[in-house]
Structure formats: structure tokens, C-alpha cells
Amino acid sequence: LPIVVKAFEMEIIPANRIVAQIGETLILTCNTTGCASPSFSWRTQMDNPLGGTVNNHRTYSTLTMNPVSVVNSHDYLCTVFCGEQEKKEKSIKVELYSFPSDPIIEIRPSSLVYGERVTVICKIPDVYPSDHLEVILKKDELVLHEENFYEDDSTNTETKTVTYSFKYTSEDIGKEITCVAKLPIANMDFEPKERVTSQKLNANFGPQNTIITVSPDNPPMEGDSLNLTCVTESNPSPQIIWRKHLADESIQHLIENNVLSIPDARFNDSGLYICEVINLVTNKTEKATVDIVIQGAPNIAELSIEPSATVQEGENVSIQCSAESNPPPKIILRRKADSTDMGPYSEGRVLVLSSVTFLHGGNYECVAENSFGESKSDITLNVEFPPQNITVLVYPSENVKEGENVTITCSTYSNPPSQMVLKKVHQEKEIILPSVNGTFILYNVTKNDTGRYLLDVFNEVGNNIKVIEIAVVGRLEKPDQMIPLIIAFSCVAAVAVPVVAILIYVSRKAKINGSYSLVKALRLKV
């Protein structure tokens, strides 16, 4: 078979013409076929520096430009020799451009103020060739300014700037400034040929028109949930601080939030609330206030007795009551009783009782009322006094016969309840007589029971002593039927109503040899 020999050929990749962006990497390849050992040569048509690196391989050669710069804007010629006789050449045109990034917008001043001029600056970075650059500035869809650089003679990449000023109005807030940059180079195939950047006109202003809204908007009642909202106009968003004026004219710091919540309103939540709004950019501050009045039925805050709830007769006493409500309450202090005669009474916060007696003791109540209702609370006044009005009865009499029974009874007032001791004066000594459940008993008396008896009635406040003379004479004619003498003492102490308990003992038919025995002394607690 005949041997097919390929003809000597060459090509440049890419062919004929290439568009490259400055700053990127570009590789030109010169490739051959039909030659076993080709040799390569690269040059520009004007014999300018190559501006790149050549790498030769067995059948191809590369020219690498990294990065591509304006010095690479040439026609490049690749020459290939195959032996001494054969030579081939091809050229490629390198066309350059630079349009690497979107425009950059600056708006000056940074704090926009109504009525003052605003300057919009649009920068298009590293453009080449700039004599094809077109720039449009718009506010929303309104074209503010158009500018081209057709007369520019820059020979390298440059950042081009377009500036435009206008008067800033309240209608401009929130509108969008757009910078459109175009690089429409005919017969150059690259994308994008248009770049766009937008930025809103966000003016820094305020705070202004600051108000406080209250929810719910009806007059707040005690126990309601309450929300105070601070509403303002400000950009950027402001710092909000809530404060409250206290009764002592001091200021209480509450929270830093636009909403102040009071979940369970009480009367002491009433007061003047202050919302302070601070714009840290404009360095301006504005305040709004609202007076909150919590309404409701009275609450009795305090009911007390001075100097104490327990006093002694003759002391001066004041009963004091305080209540909180809105509207302010009417306060009544009075003796608490079921009868129509209420006793001490005061339409005010203080009821004064001068030189109290036991009759002043008892329960007192405070009644606080307003249009929303009433509240009541009571307290007890305890008036202490020593035993008073002691009445002593001797039965059958202070003069008795041997074997007879004697009963001694008494009644008294006292607070706290009285105790009682019955003593017999005997040979300059006092002998305490026996007591059983408050009754002192002497069985089958003899003449030895004759004498003076002391009845000592006392409590923590004071005491009172009564003297009783008992005389015992002769025996009864029928000794087998003696009537024993019983000395019984009963003392009943009462605070309000005296009770006289008269103990009558019947005669016991027993013979008890006319004597009595002493038992351990007992103090009678009544």
C-alpha cells in the first residue's frame, strides 16, 4: 500500500482575532502538523516587546500573557520552520478592554437634611478604552444626568467619575439613585457591556413628631393590663428610654424599648411617664409625656393603733387608717357594733380616744369608699384595767357557830382576768387557805377559825384587797347533827358585764370533829 504523507500545516488558536480583558490571563497557541521537528518564532508586527512568556513544545508553542496589559494590544505573528526549506506564518490580533466591576455610588453628605443640596458621585473603576464610556444618573426612573467620555485620550485603565448635585426634599426619601455605565465598543465581543448600581436616598433625620399612645385607650382600672407605646419619626432608628416622675420629684429609669408594658396596673403605677427618643446620628433628642391615672375601688393600705393595740386605762389612743384609690376615698373610722349606737366615730384618717376606759375596748373598723366601691378592715383595741367594784358576800354571816357552813362570794371587773388569793392572818403570819376550783373550803369549823381573812384580787395591772372578819362561837346543841362550816370563795372576773356567782352549799349531815385541814395553796385563775 502507498504511504500517505501529511502536508506541512500550521494554525494559531484562537484564530485571527481575540478580545481580552486587561488583568486576566491570555494564552496564544501556535500548532503544527506534517512536520516532525518544527521550530517556532513569536514577534509583534511592529517589533514591540512580546509582553509575555514563550514555551515551545514538540509540535506547538504557546505565548502566555499573565496578566494582560495595554502593552499586549498588538498583532502577534507566529512563524514556523520545518527543515531549511519550509516556512509558514500566521498572525492574530489581540484587542483589549477593561470593564471589571459595577459602578460605586457615594452620596454626600452622609446625613441628609431637607432643603440642603445632595451630591451624587458615581465612580466606574479601571475602564479601558474610556473614550467609549457612557454614564447615566437616575433618581428612580427620572434621568438626572448623562455624560460620555468620547474625547478622552487615556492610554491605560482609569477610574472615571461622574458627579451631580440636587436639592434634597422630603419627597426624595426612599427614592433610588441609579448609576448606569455602558462601554459599547463595536465589533468587540465581550459581556457585560453595561453595569448598573443603585442606592436608596435614606436621609438621617429626627426624631420628630414623637407621641405616646396608650392601650387600651379607655381610662385604666386597677388590675388592667396597660401598654404605653412611644411613636416617633427618625432615621436611623433611635434609642428609646422610658422614665417615670416619682412623688419625691426624682426620676425612675424603667426600660429601653419602644413599648412599656404594665401587666397588672396598681394605684402606685399612676404618674407622669416620659418617653425620651435619641438619634445617635443626628445627635438630636425629643421627649413626650403622658399622665397615667389608675382608677378603682379603695384598698386599705394600713390600719393601726398608737401607741399600741393593748393599752391601760387613762392612756390616750389614736386609731389611724390609710387607703389608696382613685378617685380619693372617703374614710370612716368607727366602733364596730351590732347596735345603732356605734360609739366613737370619725370621718377621717384618725380617730382619737382620750383617757380611755374599759368601755372603749372592742373592735374598730375602717371603711374606705369611692364611686367604684368600698373596702373594710377591722382592728381590736384591748384596754387593760385592775380589778374594780369588788363585792364580797359572806353566807350565812360573818358570825357563825361551830359546825356551821360559811360561803364567801365576790364579783369584780378586770382585764386581763383576775386571780384571787384568800389568806388568814394568824399569829402575825398569813396562812393561805385551800382552794378547789376557785372555792376555798373550811370543813367543820371551830373557834380556831375565828380571825381576820384577807381577800387579794389582782391581775397584771393592779390589785385590790378586802378584809373579812369571821367569828366562830359555841358548839351546836346536837353534835351528832352538826352542820359543817364551808368557807367557799368564788370570784368571777368580767371585762364588760359583771357576773356574780353565788355558791350555796347544802348542809351535810356528818360529824367531822370540829376541825379543818389545810391543803397546798392554789392561786385561782379567773
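**Salt bridges and a strand**

Mentor: Glu89 is partly exposed, with a relative accessible area of 38%; buried means under 20% relative accessible area, exposed over 50%, and partly exposed in between, using a 1.4 Å probe and protein chains only. This is a predicted model, in which local features need pLDDT of at least 70, side-chain atom pairs count only at pLDDT 80 or more, and totals for chains, interfaces and linings use all residues. Residues are numbered from 1 along each chain as its sequence is written, and side-chain values use heavy atoms, with hydrogens and water left out.

Trainee: Which residue forms a salt bridge with Glu89?
Mentor: Lys87 does, and the closest N and O atoms are 3.9 Å apart. A salt bridge here is a side-chain nitrogen of Lys or Arg within 4 Å of a carboxyl oxygen of Asp or Glu.

Trainee: How many salt bridges are there in the whole structure?
Mentor: The search finds 18. Among the residues involved, Glu106, Arg108 and Lys123 are linked in a network.

Trainee: Which residue does Lys182 pair with?
Mentor: Lys182 forms a salt bridge with Glu194, with 4.0 Å between the closest N and O atoms. Because Lys182 lies in strand β14 and Glu194 in strand β15, the pair ties together parts twelve residues apart in sequence. Strands (E, at least two residues) are DSSP runs, numbered from the N terminus. Lys182 is partly exposed at 27% relative accessible area, and Glu194 is also partly exposed, at 42%.

Trainee: Let us stay with β14. Is it mostly covered or mostly uncovered?
Mentor: Strand β14, residues 176-182, is mostly covered, since five of its seven residues are buried.

Trainee: And which strands are joined to β14?
Mentor: Strand β11 (residues 134-139) runs antiparallel to β14 and is joined to it by six bridges; Leu137 has Cys179 in β14 as its bridge partner. Strand β15 (residues 194-200) is also antiparallel to β14, with seven bridges between them, and there Val180 is partnered by Val196. Two strands pair if DSSP finds at least two bridges between them.

Trainee: Back to charges, then. What does Arg266 meet in a salt bridge?
Mentor: The side chain of Arg266 meets that of Glu222, at 3.0 Å from N to O. Arg266 lies in the loop between β20 (259-262) and β21 (271-279) and Glu222 in the loop between β16 (205-215) and β17 (226-235), so the pair ties together parts that are 44 residues apart in sequence.

Trainee: Is Arg266 buried, exposed or something in between?
Mentor: Arg266 counts as partly exposed, at 32% relative accessibility.

Conventions: Helices (H or I, at least four residues) and strands (E, at least two) are DSSP runs, numbered from the N terminus.
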